[in-house]
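Here is a note for a colleague who is new to this structure. Please keep the model open while reading the numbered points.

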Amino acid sequence: TTTATTSEKKHFVYMESIDLGLNDIGLHGVETYKKASKTARFLKSMKKLIENQSGLACPAVLRMDNCGLGPPSCRMIGKGIINAAQNVLDRRDKVQTAAYPSLSQFGYNRRLKELYLSGNPISESGTTALAAALKIAPRIKDEPVIQILDISSCGVGDIGAEAMSLAIANNPGCVRCLNMSNNRISDSGAQTLARALKASSQKMSGKCAIDTLDLSNNADIGNDGAAALFDAIECGAISKLFLRSCSIRAEGVSELGETLGRIVSSTLQKDGDDNILEYSIDISGNKLGARKVTKKPGYSASMMNSMNSIGQKGFGFLKSGLKDIVDFGGSSLESDDEAE
């Protein structure tokens, strides 16, 4: 327990992280009633842990990679995230009423900051449940709802990307690092995310909407999706972008170069000495190739030589075919008249 007496020492024990990865604990697939019952109890306990009614028990980092978690697990986690944010607000009001100088001084604002769900078959519906939690959960001051969310290798497609985009656009700053790599997101999903990040940045008065966005190994993200994300970088919405092993070609890289050129140009035109911008962009593993250059109308020297050669051959054929009718040996018109 804690009191308002400042001379009395306060002692707290925090759980920094929990790693439950590589355990078959998910409520997903065909299961016996007994196993399903145990899994359901576990998920309810996990929800209570995340929502943290006591204010002291919730870990900052929760790893549940490759645990067989499905959409029901995400719904439980989402409810826990929403309740946790609301509980922090309620405790803040009570603590401030009790004349405590700071909520964070006594650890009552402990919340889940990093959630790792990589390799779980949560698919579109599970992603939608997590996105709904990010959209609804209230933010405390400028803190994100979740600092890091990893849903890589989870079977997420464009529907999941759109759901996450709605959360980002409607609750700006709700997540700072989003990993959606190794999924099934296409150009359409990437473009939707880019639009949401730009809208979020505008609502945040031009501040960065997200620190890190990882969409690597989404094979259907090509030049169009990359161009939209590069545009979001130009608007200041993204600091670090990872598009490793996608389907970006030389045209997409050309778009990146033009974007960086515009960023440098606009930065140099600003007044002041502290115009420092830092970006990190990784497009390794893409088969860039060479950009196709469309030549202007006209004939090259090689083409002219080829045309001359064809012309000479054609004239030779014409000469041989008409030699019985017309004398090409250099006779004049007068000689022709005389022959008549």
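What percentage of the 340 residues of the protein chain count as buried?

1. Of those 340 residues, 41% count as buried, where buried means under 20% relative accessible area, exposed over 50% and partly exposed in between, with a 1.4 Å probe and protein chains only. This is a predicted model, in which local features need pLDDT of at least 70 and side-chain atom pairs count only at pLDDT 80 or more, while totals for chains, interfaces and linings use all residues. Residues are numbered from 1 along each chain as its sequence is written, and side-chain values use heavy atoms, with hydrogens and water left out.

2. The protein chain has nine helices and eight strands, which are DSSP runs numbered from the N terminus (helices H or I, at least four residues; strands E, at least two). Among contacts (heavy atoms within 4.5 Å) between residues at least 6 apart in sequence, 85% join residues at least 24 apart.

3. Helix H5 (residues 187-203) packs with H6 at an angle of about 10°, their axes being 8 Å apart; axes are lines fitted to C-alpha atoms, for helices over the stretch in contact, and angles run from 0 to 180 degrees between N-to-C directions. H5 is therefore roughly parallel to H6, a label given to angles under 35 degrees. From H5, the residues Asp 187, Ala 190, Gln 191, Ala 194 and Lys 198 meet a set in H6 that includes Asn 223, Ala 228 and Leu 229.

4. Helix H6 (residues 223-234) also packs with helix H7 (residues 250-268), again at about 10° but with the axes 9 Å apart, so H6 and H7 are roughly parallel to each other. Among the residues making this contact are Phe 230 and Ile 233 of H6 and Leu 256 and Ile 263 of H7.

5. Beyond its neighbours within four places in sequence, Met 180 is in contact with residues including Ile 151, Val 156, Met 164 and Leu 193.

6. The count of disulfides, pairs of cysteine sulfur atoms within 2.5 Å, comes to zero. The sulfur of Cys 74 lies 7.5 Å from the closest cysteine sulfur, in Cys 154, which is too far for a bond, and Cys 74 is buried, with a relative accessible area of 2%.

Methods. Angles under 35 degrees count as roughly parallel, over 145 as roughly antiparallel, 65 to 115 as roughly perpendicular and the rest as oblique.
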